[in-house]
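Hi,

Here is the structure I promised to pass on.

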Amino acid sequence: MTLALRLDNLSKTFTVGKPLFGKPKALVRAVRPMDLEVQTGETLGIVGESGCGKSTLARMLVGLIPPSTGSIEIDGAALDNADPAVFGRRIQYVFQDPISSLNPRKTIRQIIEVPLKRLHGMDRAARAARISEIFAAVNLREEFLDRYPHEFSGGQAQRIGIARALAANASILILDEPVSALDVSVQAQVLNLLADLKAEFGLTYLFITHDLAVVEAVSDRIAVLYFGTLVELGRAERIFNAPKHPYTRLLAGSAPVVGRPLTAPEGRETELPDPLNPPPGCAFAARCSRATDLCRTQEPRLTRQGEDQFAACHHPLEP
Amino acid sequence: MTRFLKLLIRNRLAALGGAVILAVVVLALITPLLPLQAPNVTNTADRFIRPFSPGHLLGTDHLGRDLLSRLLWGTRLSLAVGASAAVIAAVIGAAVGIVAGYFGGRIDNVIMRLVDMLMAFPYILLALAIVAALGPGLMNALIAVAAVNVPFFARNIRGITVGIAGREFVDAARLAGMGHGRIILFEILPNVVPVIVIAMSTTIGWMILETAGLSFLGLGSQPPQADLGSMLGEARAALIAAPHTSVVPGAMILAIVMGINLLGDGVRDALDPRLRSGALTRPMPATSVRRETVPAPQGGGVLQLADLETRFEIGPRIYRAVNKVSLEVAPGECLGIIGESGSGKSVTALSIMGLVASPPGVITGGAAYYRGDDLIGAPYRRLRSLRGDRIAYIFQDPQATLHPLYRVGDQLAEAIRVHHSISRAEAEDRAIDLLTAVRIPNAESRARAYPHELSGGMRQRVGIAMAMANDPDIIIADEPTTALDVTVQAQILSLLDDLRRERGLAIIFITHDFGVVAQLCDRVAVMYAGRIVEEGPTGTVLDAPAHPYTRRLIACVPELGQGRRRLEAIPGLPPAVDRLPAGCAFAPRCDKARDACTAGDIALERAGARAVRCLFPEETLT
């Protein structure tokens, strides 16, 4: 197995209320220093609730925002150049909102041609051939090419978004909530298409979502993010059945499942910590029944728990 | 484009303005071809001839020059100067605005502060200063007017660009290898052009006025050249003695500016996407009703829908959003309505209280009985007294339903005081009780918070508190947890469940999530293409779905705890409800479909608590 992607100490801190000159009013640590490795051909699921930093992480990975610290390595080569055009050939992005990710005033052909022209410098004939190839791969008819985005349903538009990402011919795709905006019957079509494309083109996926059932169904491994920190990492089939981190257990327990009675797995008053005023120690301590003084003062590090599961917790759950 | 023109012409004032402007522009264009007298030839013997005199249709001015000729030549000049100033201001302003909005940060900050400085001067003073520095002359007046109007365009376009630059297609373009220049030219500009056109159409009138103003003061066109402003300026001395010399250019200025402004407003309205649906009017306070027969109430329940039909009539198309839906809900019961987008589940819920926007929505049949009274077609006063009092709604996005400028406690108090005459202090106490009831910590201090200061989960609790404010009998919740995180969703669902058990509320819960339905609802109705295809107790419907659509919809939703697998997708798309096929709407996607399925209408067959609309159901209902 070779490494497709390696993140070393990657973090992002945003400034809040920065005046023209002088120091910003506050810092928000959207992604705290994070180490992560993704194997070639793997699907790594990234789950977390809103504000956990999953989209910031994804945007850093494709070079849309520069990291504050750390580095990104793709196929063993460091990417320290913040030019998206360089990133674009190696790692691509599929957006959450399929309609908003397509320029309403351009035809589908104009949209798909851009990466072929700009990233690969293809001439007209080569572009036409490649577009037919990609459209066949994502089950779209070529007659769609001269239409405008508003003429498509969400599922079709998302296929077009996937086609654009494929056109760049990158080996890694970041899928940022690719099916959240779609209806369930269409969601399954797109998920199956993604699985087929992965097998056909030998792709590596980072699949970002808030839907635990979806991420479990498509991933090899899953990383759980909370408040900018990687709190747990493990095999997809085990992580929600045998979580080590109390937050993962809370997530798994909160998901509505047919046949499970309705319970609020935690007190109803709890809220996420304030990013402008982060608590010291473990960010989850205030919501955690196992928290001790150690948790409230010292930030836990990601440590190995069992064979291939990692958790950042001072008091991991027993199996 | 033809659609745009149609919308424009439907606005009569805009059409009138357009006709005036068209006439003026055509006249200005053909002026050199007309058999006019030379505009600048003086003949003091013929000064101040009245209008309609032979040889001088509009009379002559103080130097005996033909006014008609001067008017047309002057109009030509004024139009040209105003239009060029508008184009120059638009191009420079748009460029500045796009650059500021696209790059943001420090560049934006510096550019916009410079623009603010320009705006800090009264525009006529600024224009005077510019002309004073450059010297009088038509060209310099043009520069001054353009410069004065740059900030207007810059600020307008910057605002639009900031919104567009944050859209995902701009990120996608960067990832596809486009540089900043290309993104601005090929991605952002095409989306900004309509706004530039709208801004120009509404300001060009002003620019003509401003140019005329400068000429009036003697800073624009220099004698003997005529433009509308200088004609007015020269006529000023003879205002009493020969009023026609002022009235002629004044009337032309009035006609041009009024025409342009009316047309500009029309263009803006026609290009505004919110008005695109063809409705240039505000929706009515209650959905319009056009039904021939009223079905009698059958069965019980606190709320009962009988053969409800709601349509959207847009031009020649009729979208049958809700197609003969019958439902009932009992006190303390939670009824789930599940379906994909476009299945008509939200429109069903909104139709009950006449909340579907009209036009284009029309209720064309059926009835909604609340405690035996039909709500469809009830007088607006009656609906209003029930809305939020006996029947309350919770919507998907509490950010959009709460007013951003009022404190949540005041909004709650208002919701109570609309229906009950109690004092403000009492209402505020009640608001705090409600916030406590929906388990908002520190309710007293949170009541003074604005909606944006609360998290999504807390805002939705306020939404629920508002629905509970008058102790309603029925709550209609339209995807209330879809925008929330799972841990928050679990909290909200258990809160709703407690409330209905404690207070005997009937809940109609609209969702697309089977897990939520399974946990909260007693009964569930499955909708597809505007019709109910299956109905029954939640447990039995989920365990043994009778309609093929229900079975396959359940199969294509991954469920937590089943591990990695391939999902069973349903091929194809739901049908558009303006072109429904005959018979079963699901037949084209169904693997069990036979000829009989598309032959004719299929009835909802009831058996005990269950019902299914299928000729070949998966389960035989007993």
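**Salt bridges in chain B**

B:R551 and B:E618 pair up in a salt bridge, with their closest N and O atoms 2.8 Å apart. B:R551 sits in helix α21 (residues 548-555) of chain B and B:E618 in the segment after β13 (610-612), so this pair ties together parts that are 67 residues apart in sequence. B:R551 is partly exposed, at 29% relative accessible area, and B:E618 is partly exposed too, at 25%. Do keep in mind that this is a predicted model.

Helix α21 of chain B turns up again in the next pair. B:R552 makes a salt bridge with B:D591, and here the closest N and O atoms are 3.8 Å apart. B:D591 is in the loop between α21 and β12 (605-607), so the bridge links parts 39 residues apart in sequence. B:R552 is buried, with a relative accessible area of 11%, whereas B:D591 counts as exposed at 54%.

There is also a network: B:D61, B:R65, B:R70 and B:E234 are joined by salt bridges that share partners.

One more pair to look up is B:E309 with B:K324, whose side chains meet at 3.5 Å, N to O. B:E309 belongs to strand β2 (residues 303-314) and B:K324 to strand β3 (residues 317-329) of chain B, 15 residues apart. B:E309 is buried, at 9% relative accessible area, while B:K324 is partly exposed, at 41%.

Over all chains, the count comes to 47 salt bridges.

Cheers

How values were computed:
Residues are numbered from 1 along each chain as its sequence is written. Chains are lettered from A and ligands numbered from 1 in the order in which they are written. This is a predicted model: local features need pLDDT of at least 70, side-chain atom pairs count only at pLDDT 80 or more; totals for chains, interfaces and linings use all residues. Side-chain values use heavy atoms; hydrogens and water are left out. A salt bridge is a side-chain nitrogen of Lys or Arg within 4 Å of a carboxyl oxygen of Asp or Glu. Helices (H or I, at least four residues) and strands (E, at least two) are DSSP runs, numbered from the N terminus. Buried means under 20% relative accessible area, exposed over 50%, partly exposed in between (1.4 Å probe, protein chains only).
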